[in-house]
Amino acid sequence: MNPDLSRPRPAGGEEHPLLLPFAERELPAGRHQFHKERLMAQIHEDLRAADVPTPAPTGPARAGRTRSPFPRRAFFVPAAAFALAGALAVGFLSYVDRGAADGPGSTMATGPALTTRIGAADPQGTPQLLDRISLASSAASASGPAVRADQFIYIGSKTANTYVKTVGDKSTLVSEELHMRHQWNSPDGTKGWLIEPGNTGPEGVTLAGPDEKGNTPTPYLNAPTYDYLAGLPTDPDVLLKRIYQETQGHGRGPDQEAFTTIGDLLRGSYPPAELTAALYKAAAKIPGVVTVDEAVDAAGRSGIAVARLDEHSGQREEWIFDRQTLTFLGERSVQVQGESGEQGLIKPGTVVSTSAVMHRTVVDRIKELPTAAR
C-alpha cells in the first residue's frame, strides 16, 4: 500500500535529524500526536471492517480537517516500524536529497514557516483545463511502462509540512526541511518499502506484512494498491459517484473530501492511464473547483493549479501542473482565508503542506532507484 508519513505530522525538535543516533533522541514534539493519529486510523479501519459509523478523529495534522490522515497520507505500516523512526546516518546524505530553498525569484521562503504569494482563483475555464489535462495525461500514461506482478512502483517525492509546535505554554509555527521520500510498492500491495528522513531509519521500513492483529489490509480508495486502482471504473460519472459513496461521512464535507481523495490518488499512487484521465474528468464535476494562476511545488517549479477551498479551515488545496505540458508536478495546501492552527498561528500565505513528484516509474526490485533518481 501507500504510506505517506510526511503528511500526517512532521517531526519537531531543533536537533539536526542527521546528527544524532536514535538512542540519543527523545520522541520529538508532535510525534506523540502523530502516533495517536495512527492509532485512531487503525480504530477507523476496524470500525470500517465492522460497518460501524466512524467517529471523526481529532488532531492538527492538517488544520481544519477532522478525518484521520492515516488512511490518506500514511497507509499501513507495521507496528515494529515505529522503533525505526528517528535520526538518519550522515552517510545517507548521498542517497537522499534533503531539499533546499526554491532559488532566485522563488515565491517560497525558508525560515520558521513556508510562505507563498496567494494566487488568484478563477472558476471560469476550469472544466476545459481539466479536460486538456486529462487528454495530456492519457498520452503520457500510454507511453509509460506497464506494470508486471513481479515489479515495484517507485515514487520519489520532495515534501515538507508547516505546523504548530507547542512546548509548555508556548506555541510557535515551524516547518520541516524540504526532504526526499522514497517509496516502493508491489502491484498487489503485499510488499513495499519506505525511506524518509525523520520517519524512518537509514535503511527504511518495510511496508509488507499483516497488521497488528495478523490481518492483511484490504485496499480501498484511501489506501489503494495498483491492482485495486486497475479495477476502478473509468467512466467519470460512475467513478465520482463511487468516490462520494466511499468517502461519505469523512472530512468537512463531501465535495472537499472527494477533491482531496482524487488529489491523493494523483500524487501518491500510479493510476493506470484510463483511470488517471477519468479522475481529472471526475474532478471537473466537483462544485467549487477553480483554476489558480500561479502555484509553486516543493521543488520550486512554478505552474498553473487546479484547486478547491476548504471553507471550514480557509485552506486551499492546489494541484500544480506544468503550464506547457500540463504534467502533474505536485500538490500543496495554502492558508488563503482567515487563520487556523493553535492560537491562529497559521496566517494567510502559509504553505501548510507541499510536495513535488520527482520520479514515478516501475522498477524490477524493491529499493531500486531509477537511473534519473540516482
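I take contact to mean heavy atoms within 4.5 Å. The model I am reading is predicted.

**Entry 1: the core**

I looked up Val306 and left aside its neighbours within four places in sequence; its contacts include Leu129, Leu130, Ile133, Phe259, Trp319 and Phe321. I then turned to the largest nonpolar core, which has 32 residues. Val306 is among the residues with the most contacts inside this core, as are Ile133, Ile262, Leu279, Trp319 and Phe321. The elements that give two or more residues to the core include α3 (126-142), α6 (254-268) and β8 (302-310). I noted that α7 gives the most, with six residues.

**Entry 2: two helices**

I next examined α5 and α7, whose axes come within 9 Å and cross at roughly 75 degrees. Angles of 65 to 115 degrees count as roughly perpendicular, and therefore α5 is roughly perpendicular to α7. On the α5 side I found Pro236, Leu239, Leu240 and Ile243, which meet Leu275, Ala278, Leu279, Lys281 and Ala282 in α7. By class, this contact has eight nonpolar residues, no polar residues and one charged residue.

**Entry 3: salt bridges**

How many salt bridges does the structure hold? I recorded 15. In one of them, the side chains of Glu331 and Arg267 meet at 2.7 Å, N to O. Glu331 lies in strand β10 and Arg267 in helix α6, so the pair ties together parts that are 64 residues apart in sequence. Both Glu331 and Arg267 are buried.

I also looked up the salt bridge between Arg308 and Asp255 (3.9 Å, N to O). Arg308 is buried, with a relative accessible area of 13%, whereas Asp255 is partly exposed at 22%. Lastly, I noted that Arg117, Asp293 and Glu294 are linked in a network of salt bridges.

Conventions. Residues are numbered from 1 along each chain as its sequence is written. This is a predicted model: local features need pLDDT of at least 70, side-chain atom pairs count only at pLDDT 80 or more; totals for chains, interfaces and linings use all residues. Side-chain values use heavy atoms; hydrogens and water are left out. A nonpolar core is a set of buried Ala, Val, Leu, Ile, Met, Phe, Trp, Tyr and Cys residues joined through side-chain atoms within 4.5 Å. Buried means under 20% relative accessible area, exposed over 50%, partly exposed in between (1.4 Å probe, protein chains only). Helices (H or I, at least four residues) and strands (E, at least two) are DSSP runs, numbered from the N terminus. Axes are lines fitted to C-alpha atoms, for helices over the stretch in contact, and angles run from 0 to 180 degrees between N-to-C directions. Angles under 35 degrees count as roughly parallel, over 145 as roughly antiparallel, 65 to 115 as roughly perpendicular and the rest as oblique. Ala, Val, Leu, Ile, Met, Phe, Trp, Tyr, Cys and Pro count as nonpolar, Asp, Glu, Lys and Arg as charged, and the others, Gly among them, as polar. A salt bridge is a side-chain nitrogen of Lys or Arg within 4 Å of a carboxyl oxygen of Asp or Glu.
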